[in-house]
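Please look at the sequence and the structure together.

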Amino acid sequence: MHPNEYQKRCADTAIYHDAGTGSNNELYYLAMALAGEAGELAGKISKIYRDKTINHKDLGKECGDVCWAVAMLAKALGYDLENIMEANLAKLKARKEAGTIGGSGDDR
């Protein structure tokens, strides 16, 4: 599936206050949803680390929830998911070529 098709189909399941408006309320909701879903994913991984288990069965579902939140947040901001992904890869490639892929800061 292409990223923009995924983003469009995600919008069909966006049932929350101000969905599809691009309002600040929608941005707040989606940012919190993204943080929550990423937290759930991190929590499951921390339990794998703590318990020294190799049970990854639920991680794919959590990754999907993170993808949904990213797709919807991008849409609320007016971005096509595919364009964001392409721009991110270009940025990372440039950092790799410059030897600055490690470290911190936006302008490396």
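Helices here are DSSP runs of H or I with at least four residues, and they are numbered from the N terminus. A helix axis is a line fitted to C-alpha atoms over the stretch in contact, and angles run from 0 to 180 degrees between N-to-C directions. This is a predicted model, in which local features need pLDDT of at least 70 and side-chain atom pairs count only at pLDDT 80 or more, while totals for chains, interfaces and linings use all residues. Residues are numbered from 1 along each chain as its sequence is written, and side-chain values use heavy atoms, with hydrogens and water left out.

Begin with H1 and H3. Their axes come within 9 Å and cross at roughly 90°. That angle makes H1 roughly perpendicular to H3; angles of 65 to 115 degrees get this name, those under 35 count as roughly parallel, those over 145 as roughly antiparallel, and the rest as oblique. Contact means heavy atoms within 4.5 Å. On the H1 side, the contact is made by Tyr6, Gln7, Cys10 and Ala11. H3 brings Gly64, Cys67, Trp68, Ala71, Met72, Ala74 and Lys75 to it. By class, this contact of H1 with H3 has 8 nonpolar, 2 polar and 1 charged residues. In this sorting, Ala, Val, Leu, Ile, Met, Phe, Trp, Tyr, Cys and Pro count as nonpolar, Asp, Glu, Lys and Arg as charged, and the others, Gly among them, as polar. Cys10 can be followed on its own: leaving aside its neighbours within four places in sequence, Cys10 is in contact with Trp68, Ala71 and Met72.

H1 also meets H4. Helix H1 covers residues 3-11 and helix H4 covers residues 81-98; their axes come within 7 Å and cross at roughly 135°. H1 and H4 are therefore oblique to each other. Pro3, Asn4, Tyr6 and Gln7 of H1 make this contact with Leu81, Glu82 and Met85 of H4. The residues of the contact of H1 with H4 divide into 4 nonpolar, 2 polar and 1 charged.

The next pair is H2 and H3. Helix H2 (residues 24-51) packs against helix H3 (residues 59-76) at an angle of about 160°, with the axes 9 Å apart. That makes H2 roughly antiparallel to H3. The contact of H2 with H3 has 18 nonpolar, no polar and 6 charged residues.

Which residues of the largest nonpolar core touch the most other members? Of its 13 residues, these are Cys10, Ala14, Tyr16, Leu30, Trp68 and Met72. The elements that give two or more residues to this core are H2 and H3, and the largest share, 7 residues, comes from H3. A nonpolar core is a set of buried Ala, Val, Leu, Ile, Met, Phe, Trp, Tyr and Cys residues joined through side-chain atoms within 4.5 Å. Buried means under 20% relative accessible area, exposed means over 50%, and partly exposed lies in between, with a 1.4 Å probe and protein chains only. In soluble globular proteins, nonpolar side chains tend to be buried together.

Tyr29 is in helix H2 and, at 35% relative accessibility, counts as partly exposed. The C-alpha atoms of Tyr29 and Leu73 are separated by 9.1 Å, and these residues are 44 apart along the chain. Lys44 also lies in helix H2 and is partly exposed at 31% relative accessibility. Not counting residues up to four places away in sequence, Lys44 touches Asp58, Leu59 and Glu62. From Lys44 to Glu62 there are 18 residues in sequence and 8.9 Å in space, C-alpha to C-alpha.

Two loop residues remain. Most residues other than glycine have a negative phi. Asp18, which is not a glycine, has a positive phi of about 70°. Asp18 is found in the loop between H1 and H2 and is partly exposed, at 22% relative accessibility. Lys52, also not a glycine, has a positive phi of about 55°. Lys52 is found in the loop between H2 and H3 and is exposed, with a relative accessible area of 67%.
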